[in-house]
Amino acid sequence: MSASPVIALESVSKRYGARTVVHDLSFTVAQGEIVGFLGPNGAGKTTTMRMIAGFIAATSGRVTVAGRDMATENVDAARLIGYLPERPPLYDALDVSAYLRFVAKVKGVRRAAITGEIERVATACRLEAVLDDEIFKLSKGYRQRLGLAQALLGAPEVLLLDEPTAGLDPGQIQETREVIRAFGADHAVLLSTHILAEATLICRRVAIINHGRLLAIDSPTGLQNAVEQTNRVVLRVTAEASALREALMSVDGVRAVDIRTDAADAGVLSVECQVGAHDRVEAAIARAVAGRWDLHQLERRQPTLENIFLRYVQERPERGEVA
Amino acid sequence: MNGTGAVYQKEIATYFRSPIAYYVVAVFLLGSGYFFLYNIFLGGETAMAGTFQNMGILLLTLVPVISMRLMATEYSAGTAELLLTLPLAPWQIVLGKFLGAVTILLLIIAGTLVDLVPLYLFGTPETTTILAGYIGFLLLGLACLAVGLLFSTVTHNQIVAALLTAAVLLGFWFVGHLQTFQASPAVRSLIGYLSFSLHFTDFIQGLVRTEGVVFYLVVTAIALTLSAGYLQWRR
């Protein structure tokens, strides 16, 4: 991480009556950083995005964007924020260019620069073909891209994107990711997504949230290393089960061994060894097995972000920030 | 003012890309035209007083149609999330939307000016009385639209907004009738002061009284302030 934080949440909570939907949330997003926001439905992602965007105020704690307190300076800070809510906020009665013109004017784009600015975002979001179309006629993909285009208007310093690729086809997803990646190179981006591969591909850090609590925030690699238990070495061996178990457990670094018969191949055992994330034990396992039995396969399997996400949201709801 | 202007332009574009503005203006002009012809040819009146009275009631029924969508559709369409996260203060949103609705009111007023042509061609109406009537109609319209905007701001449902607006406006219109049932002069005076119709009657009789002007402007200001306050509070 390089620059100072552009988005900062300090012990932020949001309550609706007796129900607390966000608990004591703290994290930052720096300039030149894309942070992915992961969590199941109802985890508090959208509420958090709305607090950062200034749509709702935090019940307690402090949200700042570019040093401006969103409780008191939200109108001033709004000039620096591009926000795409979960449901693209479009006026169906307007045509695309009239809609973008409205947003550009409100964002303070100079009158002489508005046409150029609309062309810039229309090109970036591939909207040139529909600029004169009424919004109610647009397909879901175009609606989503128009929502992104309005967020990019006025050269904001911060981009808040709630499910930006929802409803897009694979080609459009690729293009949208490129737009976000290019913007994120020198701006701060907070990106809420359900697509874990998306977070891995374009985010420098990933925040996992559930029940309104931040469970973890780290780089995808850092998260993989933090979840030690899910590192596995998988083998296929022709051997006698008890002797094989004994041999494997004697290898330094192997914590547990699970042996099953291979249904597809009689006499062959499928073995799963639990190992520490930092232990490089594949060679020792190979040495322990290869001399005595026929080793058909040996492979280390690192946890996918999906595994990590599921482990956090299902098993560790009370865990605190790991980085 | 850029933000207010942008909201205003968006409102006007939205009004005229839907049938609402055309419907409201057409229904009002048909209705007021009918009452005008009735009063002139059947009532034998060469003044606008009777027509203004009918226009006031017609306005009460059409204001909810103009105002119900102002904020309620922003909530239901999800565009409130854009509007309230753009660099716009709540008062700019409220003022831009209010001025958009007032433009429809001004179109209605402009349309009724046609009625004056035969009046001046075939009679000698009192210009100052007509002018006072139009001032009263404009002020009544401002207050009604502001109340309508307030109810559209506090509910997500257009129909609920329209019904609440209609109920409150009719209440303010007919509250003057309760004077008959009150013995206390203070209560009678208060009821009289709160009556939209009694103040309006002064105007259509040619009396532009400070009390009436202030009343309508205060109602307008209170309703607009409450609307902006609600937008701020709901965060």
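Me: Which residues are buried in helix α4 (residues 114–124) of chain A?

Reply: Helices (H or I, at least four residues) and strands (E, at least two) are DSSP runs numbered from the N terminus. A residue is buried if 20 or more other C-beta atoms, placed from the backbone, lie within 10 Å of its own, exposed if 12 or fewer, and partly exposed in between. In α4(A), the buried residues are A:Glu117, A:Ile118, A:Val121 and A:Ala122.

Me: Within what arc do the buried residues of α4(A) fall?

Reply: The model is predicted: local features need pLDDT of at least 70, side-chain atom pairs count only at pLDDT 80 or more, and totals for chains, interfaces and linings use all residues. Residues are numbered from 1 along each chain as its sequence is written, while chains are lettered from A and ligands numbered from 1 in the order in which they are written. The arc is that of the directions from the helix axis to the C-beta atoms. The buried residues line one face of α4(A), because seen down its axis they fall within an arc of 130 degrees.

Me: Which residues are exposed on the other side of α4(A)?

Reply: The buried residues of α4(A) have covers that include α3 (96–106) and α5 (140–152) of chain A. On the other side of α4(A), the exposed residues are A:Gly116 and A:Thr123.

Me: Are α2(B) and α3(B) roughly parallel or roughly antiparallel to each other?

Reply: Helices α2 (residues 20–42) and α3 (residues 49–67) of chain B pack with their axes 9 Å apart, at an angle of about 160 degrees. Axes are lines fitted to C-alpha atoms, for helices over the stretch in contact, and angles run from 0 to 180 degrees between N-to-C directions. Angles under 35 degrees count as roughly parallel, over 145 as roughly antiparallel, 65 to 115 as roughly perpendicular and the rest as oblique. The two helices are therefore roughly antiparallel.

Me: Which helix gives the most to the side of chain B that touches chain A?

Reply: Two residues are in contact if their C-beta atoms, placed from the backbone, lie within 7 Å. In chain B, 19 residues are in contact with 23 residues of chain A. Both α1 (2–16) and α5 (80–83) of chain B supply at least two residues of that side. With six residues, the helix that gives the most is α1(B).
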